[in-house]
Amino acid sequence: MKGRPLVVFTVCWLCGSGLACALTGWTLFWGMLGAIACLPFLLGWIELRGWSALLLIASLIGGAVHWEWNEARNVSSLPEVTHMAVEELDGYAATLHATLDSDVRIDGDRADFQILLASIEPLGEGQSGTDSEVFQLPAKKERLMVQVRLAAEEEQQVATEWRRGDAITLTGSLALPGEARNFGGFDYRNYLKTQYIHWLFKVKGAGSVTATSPEGFGQFNILRWNDLVRNQLGSAVDRLFPEPHAGYMKGLIIGMASDIDPDTYGQFSQIGLTHILAISGTHVAVYVASLLLLMSWLRLTRETSLTIVLLLIPAYVLLSV
């Protein structure tokens, strides 16, 4: 019973965030008033009075304010930096200087990854700016989703050499992410916005991309090496299991769901078992049990075994994200 106020505090915060996510303007205002009006019933159930009641009201309002504050900051800085309207930037040809900030996912003739933009160099005549003008991004760099259309099969091998942390130069054009075309359909623009991404950068051919590996301490980026190990594990699974089972096993073991056969994924979706293909507590439990079994075979003490397992759990979490 002692933990109930903390649970209610969390629920109030989540309700405030949920209202701010679903409502705007005056509808949000009246929604918050309605939620506050319902609080006395909740307070009577958990028998809280005085300052505790005010704390829960503050939690509800705080959740809404926190959401609105994040939303106010979740905007693109490109219009301000380039002094151009969003409509002008859509289709704007340029050369970008950036840092590769994710693993590279190759799907057929397309490679996708994220970058942290450092500067924009305009290209072509008739566009705002001159060839010598370079727009520098502020300290808070813009994150973009890059889509590289691979012109030949050999370029797939080139794309596999790109690594997180590389200094990268790309020539292509900016584009706004697509919105849902049908009511209730998938809205790619809103999906990317949740990741603080507001623009796509479309590139034709791997020849329009130049990647340079970092020097010095940058080489020891833990996420960079994690991507390398993750890809090597995926390749090992490809060698061990024939298609279409390799994609399923990669999703089951290390969470690489992008290679799952669409028909197989559709079958899991129809019977409501897609959660099996996502890394969950069950996967971690099996991982921990396997490690403990291995430690028992090595005749290590229980305390030593638990210490080693606690140190190795974050490694599995990194590999599976």
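Reply: Ser305 counts as buried, for its relative accessibility is 6%. Here buried means under 20% relative accessible area, exposed means over 50%, and partly exposed lies in between, with a 1.4 Å probe and protein chains only. The model is a predicted one, in which local features need pLDDT of at least 70 and side-chain atom pairs count only at pLDDT 80 or more, whereas totals for chains, interfaces and linings use all residues. Residues are numbered from 1 along each chain as its sequence is written, and side-chain values use heavy atoms, with hydrogens and water left out.

Ser305 has its place in helix H12, which spans residues 302-320. Helices (H or I, at least four residues) and strands (E, at least two) are DSSP runs, numbered from the N terminus. When neighbours within four places in sequence are set aside, Ser305 is in contact, that is, has heavy atoms within 4.5 Å, with Leu292, Met295 and Leu300.

The loop between helix H11 (281-297) and H12 contains Arg299. In contrast to the buried Ser305, Arg299 is exposed, with a relative accessible area of 78%. Arg299 also has a positive phi of about 60°, although it is not a glycine.

H12 also meets helix H8 (residues 222-240): the two axes come within 9 Å and cross at roughly 75°. Such axes are lines fitted to C-alpha atoms, for helices over the stretch in contact, and the angles run from 0 to 180 degrees between N-to-C directions. H8 and H12 are therefore roughly perpendicular to each other. In this scheme, angles under 35 degrees are roughly parallel, those over 145 roughly antiparallel, those from 65 to 115 roughly perpendicular, and the rest oblique. On the H8 side the contact involves Ile222, Leu223, Asn226, Val229, Arg230 and Leu233, while H12 contributes Leu318, Leu319 and Ser320.

Just after H9, Gly255 takes a positive phi of about 75°.

The account now turns to the strands. Strand E5 (residues 142-149) has 6 of its 8 residues buried, so it is largely enclosed by the rest of the structure. Two strands pair if DSSP finds at least two bridges between them. E5 is joined to strand E3 (residues 110-122) by 8 bridges, and these strands run antiparallel. Leu117 has Glu142 in E5 as its bridge partner, and Gln114 stands opposite Met145 in E5. E5 is also joined to strand E7 (residues 197-204), in this case by 6 bridges and in parallel. There, Lys202 in E7 is the bridge partner of Gln147.

Strand E1 (residues 93-100) pairs with E3 in the antiparallel sense over 7 bridges, with Ala94 opposite Pro122 in E3. Strand E2 (residues 105-107) is joined to E3 by 3 bridges, again antiparallel, and Asp107 stands opposite Arg110 in E3. E2 and E3 form a hairpin with 2 residues between them, and Gly108 in the turn has a positive phi of about 65°. E3 also pairs with strand E4 (residues 135-136) over 2 bridges in the antiparallel sense, where Ser119 stands opposite Gln136 in E4.

The C-alpha atoms of Phe135 and His83 are separated by 9.8 Å, although the residues are 52 apart along the chain. His83 is found in the loop between helix H4 (78-82) and helix H5 (86-89). At 69% relative accessibility, His83 counts as exposed, and its phi is near 60°, a positive value in a residue other than glycine.

For the whole protein, there are 12 helices and 8 strands. Of the 321 residues, 33% count as buried. Among contacts between residues at least 6 apart in sequence, 69% join residues at least 24 apart.
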